[in-house]
Structures are given as C-alpha cells and as structure tokens.
Amino acid sequence: MKTNGCVTVAKPGPLSGVRIVEIAGIGPGPFAGMALADLGADVIRIDRPSGAEPPVPAERDILNRGRPSVVVDLQDSRGVALLLKLVERADILTEGFRPGVAERLGFGPDRCMERNPSLVYGRVTGWGQDGPLASTAGHDINYIALSGVLDAIGRDGGPPQIPLNVIGDFAGGGLYLVMGVLAALTHARATGEGQVVDAAISDGVAHLLAMTTSLWNNGMWSGERGTNILDSGAPFYDVYATADGRYMAVGAFERRFYTVLTNTLGIEENIDHYNRDNWPMLRTKMAERFAQRTQAEWCDIFSGTDACVTPVVPFAEAATYGHNARRQTYVKRWGMTQPAPAPRFSRTPSSLTTPPAKPGSQTAETLAAWGVSDIDELLERGIVGNATELPVDGATDFTENVGIKRNVGDAANTGF
C-alpha cells in the first residue's frame with residue numbers, strides 16, 4: 001500500500017498504517033517508539049553517527065525492537081533535508097532534545113509543519129519546553145525528586161528509596177508521550193491540524209500523583225514517608241520475610257480482605273486494623289506468622305483466597321512464574337526474554353514483528369519503503385549509511401556513547 005509516495009508497512013495492531021519518525025534518544029523516547037511499534041505503527045528510527053557502542057548493544061536492546069534503523073547525519077543540512085522529506089510522509093515525529101536544539105538543527109516544529117501541516121510533533125524532556133530548569137540536564141531520579149514522588153517512597157525514618165527508572169522515564173515520560181501523540185493524532189485526523197505535544201517527565205509524574213494528592217488534600221496523607229496507608233506505614237499493606245529469606249506482599253486494605261488475611265494467619269479478627277494505634281502490634285504479629293513458613297508454603301496456604309497476598313517474585317523468575325507464564329506476559333524471541341506487547345486487543349491484536357536493529361542496518365531498504373529515491377547518492381556522500389561508515393565525533397562519555405552528540409546541541413535531558 002502506498003500513501004503519499006510512502007510504502008506503508010502492514011503490521012498487526014490497532015495502529016497499523018500510522019507512520020512515525022522517531023529521532024533516536026535514550027530512556028523515554030525509545031520506550032515510546034517501542035510501544036508505538038508494538039501497537040502496529042510503521043516507525044522509522046533515525047539514529048545519528050556515534051563513536052562508541054552503548055552499554056547494551058543496539059541489536060540486543062529490547063527498546064529498539066519493532067522498527068528499522070536509518071543512520072542520518074543531522075549535522076549536515078542535506079541530512080536535515082532528508083529528514084524533512086520523511087516528515088512529509090509521516091503522521092507523527094518524536095524527539096527528546098533539550099528545548100531549542102531541533103530548531104537550531106533545522107527541523108523544529110515550525111519547519112516540519114510547513115512541510116506537513118497535520119503533523120503531530122511529540123517532544124519528551126525531563127523539565128518541559130519552558131520554565132527555569134527547561135535547558136538543565138537531568139535524569140529520572142532528578143525529575144521524580146522535584147515532582148514529590150521520590151520523597152514519598154521509603155520506610156519510616158529511612159531515606160527516600162529509588163524505584164528504578166520506571167516511574168519517571170517510562171511512566172511519566174514515555175507513556176505520556178504515547179498518550180499525547182495519539183490524542184493529538186485523533187485531532188489531526190479530524191481537523192487536518194497538527195500540533196506540538198510537550199511531554200515533560202516532571203509533569204507526567206505529578207499527574208500520576210493525583211490520588212496521593214487527593215489523600216493529602218483531605219488530611220489522609222502525612223508528609224512523613226513510611227507512615228501512610230500505601231507506603232509501608234500500614235501493616236496490612238507491606239512486605240514480610242518468610243522462613244527461607246523470601247518475601248510475601250500483603251495488600252489487604254478493605255475489611256473483607258483483611259478478615260480473610262487474619263483468619264488465614266490465625267490472628268485475632270476483631271482488632272480494628274484502621275486504628276493506627278493498633279498498627280505496631282499488628283505488624284509484629286504478622287511478621288511473626290510469616291517468618292514461620294517458607295514462601296512456597298505461604299503460596300499454597302493463600303492460594304485461591306481473597307486475602308490479597310502474593311509472593312514477591314524475584315526479577316529473574318518473573319517470566320516463568322505461573323500466572324505470567326500462562327498469560328505469556330513475558331515471551332522469548334530472538335534469543336531474549338522480554339515483555340510482550342501491552343495492552344491486549346480483541347480485534348486488532350499486537351505482536352512482536354522484528355528484532356532490535358543495529359543502527360543503520362536497514363538504511364537503504366527503509367528509505368526506499370518511505371519513498372526516498374536518491375539513496376545511492378545519499379550513501380555516496382555520507383549523508384546516510386551504517387554507523388561505522390559515517391564520521392564520528394570522538395564520543396567520550398555515557399551520554400555520547402548512546403548516540404547523543406554534544407556538538408549536535410547538548411542534546412537530551414532525558415534518560416537513565
């Protein structure tokens with residue numbers, strides 16, 4: 001199928017036929033690219049020349065699955081001209097530069113929308129496109145720190161605990177970028193009007209705190225971490241060590257679930273579990289009970305109950321754990337265990353299509369599919385090609401090693 005000179009790749013999923021140009025970056029950008037490709041979009045990833053391999057080789061990085069890679073020298077005006085040709089054929093463009101960098105390189109929103117007025121231009125950064133910190137470097141831990149969520153995670157009397165980079169990079173950043181560009185695409189298809197989506201991780205994380213903020217506003221959440229009902233303060237919403245050094249997770253918040261929990265553990269049912277004065281005593285009793293048996297034994301005991309008790313499954317065992325294995329929450333493809341596409345659709349199911357691509361490994365065929373005709377000339381002039389064929393700038397640090405070049409504009413403030 002051809003659309004506007006572009007061969008649209010038919011892929012399974014609800015976004016089949018949607019064309020996306022992704023300017024490669026780190027953290028939330030590639031996560032969004034992966035998610036959109038998982039949903040069936042025809043995504044072309046634009047990688048830039050780099051002098052070193054990232055910690056995880058690109059062809060082994062799950063975040064790179066589902067879409068081909070084209071290496072383009074965006075420091076060259078001819079490379080930018082090529083990118084603008086691709087923009088003419090696209091529905092969405094995503095990038096993760098600091099504010100103003102794409103404009104200086106010649107493919108900011110105004111320039112792109114001159115070529116394609118209905119384009120959705122998605123920008124994901126840590127701090128957003130404006131504000132005092134907009135041009136300041138940072139990573140996930142910094143964004144969740146200023147948003148308030150980091151201060152709320154941890155034990156009573158202990159320091160804040162770092163929740164990997166899931167809350168900031170991927171939930172507050174990548175998923176909000178996906179939600180934003182798809183919402184804007186709906187508007188664009190209805191009106192023909194494109195727009196810019198400013199997906200700031202700090203904004204997204206604050207949005208995720210809606211329920212916690214509501215509890216705070218109503219006097220139901222203190223400013224002391226580890227003392228509240230959902231942050232390990234409550235004994236019926238916590239983790240407990242078992243006899244074999246593993247853990248069980250307890251989430252028996254509602255009274256009916258708490259009753260099943262206490263009956264199963266053999267603890268007095270008539271203790272008012274909402275009364276904070278009873279929490280220290282309840283925690284001691286529950287800790288003593290759980291320490292008497294192994295995790296496997298407790299799994300058998302609680303199996304089939306509504307006590308809201310589950311094992312804390314080690315990361316290395318999550319893929320093979322019973323429920324996950326039955327639903328194929330994790331799958332093994334291309335020699336790697338990886339999360340399956342999510343969510344699931346009844347009429348347009350998604351599936352894994354292509355393995356992670358090495359930068360530039362599919363340059364010629366991908367550009368041809370997107371309607372570019374002067375590929376041989378671009379290759380000869382070094383505007384496009386494999387990563388090893390293009391000039392490098394002597395990358396020296398981690399950020400540069402993953403394909404962000406300082407002299408491209410001190411590029412991104414998002415990522416690990």
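1. Let me begin with a pairing: strand 10 (residues 247-251) and strand 11 run antiparallel to each other over three bridges. Within it, Met-248 sits opposite Pro-311 of strand 11. Strands here are DSSP runs of E of at least two residues and helices are runs of H or I of at least four, numbered from the N terminus; two strands pair if DSSP finds at least two bridges between them.

2. Before going on, a word on the basis: this is a predicted model, in which local features need pLDDT of at least 70 and side-chain atom pairs count only at pLDDT 80 or more, while totals for chains, interfaces and linings use all residues. Residues are numbered from 1 along each chain as its sequence is written, and side-chain values use heavy atoms, with hydrogens and water left out.

3. The pairing in my opening point belongs to an open sheet of three strands, ordered 9-10-11 and antiparallel. Strand 9 and strand 11 (309-311) are at the edges with a single partner strand each, so one side of each has no neighbour in the sheet. From one strand to the next, the twist averages 25 degrees. Helix 11 (residues 279-290) lies across strand 9, strand 10 and strand 11, at about 40 degrees to strand 9. Contact means heavy atoms within 4.5 Å; axes are lines fitted to C-alpha atoms, for helices over the stretch in contact, with angles from 0 to 180 degrees between N-to-C directions.

4. There is also an open sheet of seven strands with mixed pairing, in the order 8-7-6-3-4-5-14. Its edges are strand 8 (195-200) and strand 14 (384-385), each with a single partner strand, so one side of each is left without a neighbour in the sheet. Strand 3 (residues 19-23) pairs with strand 6 (residues 92-95) in the parallel sense over three bridges, and Val-21 stands opposite Leu-93 in strand 6. Helix 8 lies across strand 7 (120-125) and strand 8, running at about 70 degrees to strand 8.

5. Do look at the second largest pocket, which holds about 410 Å³ of space. Of its 17 lining residues, Val-149, Ala-152, Ile-153, Leu-230 and Asp-231 are the closest to its centre. Helix 6 (149-152), helix 8 (201-208), helix 9 (210-217) and strand 9 (237-241) each supply at least two residues of the lining. On a 1 Å grid over the protein atoms alone, a pocket is an open set of points where a 1.4 Å probe fits, with protein on both sides within 12 Å along at least five of seven lines; lining residues have an atom within 4 Å of a point.

6. Two backbone details deserve a glance. Ala-342 and Pro-343 are joined by a cis peptide bond, with omega about -5 degrees; Pro-343 is in the loop between strand 13 (336-339) and helix 14 (363-369). Ser-232 is not a glycine, yet has a positive phi of about 85 degrees, and its place is in the loop between helix 9 and strand 9.

Definitions and conventions:
Grid points are joined across faces, edges and corners, and a volume is the space filled by probe spheres set on the points.
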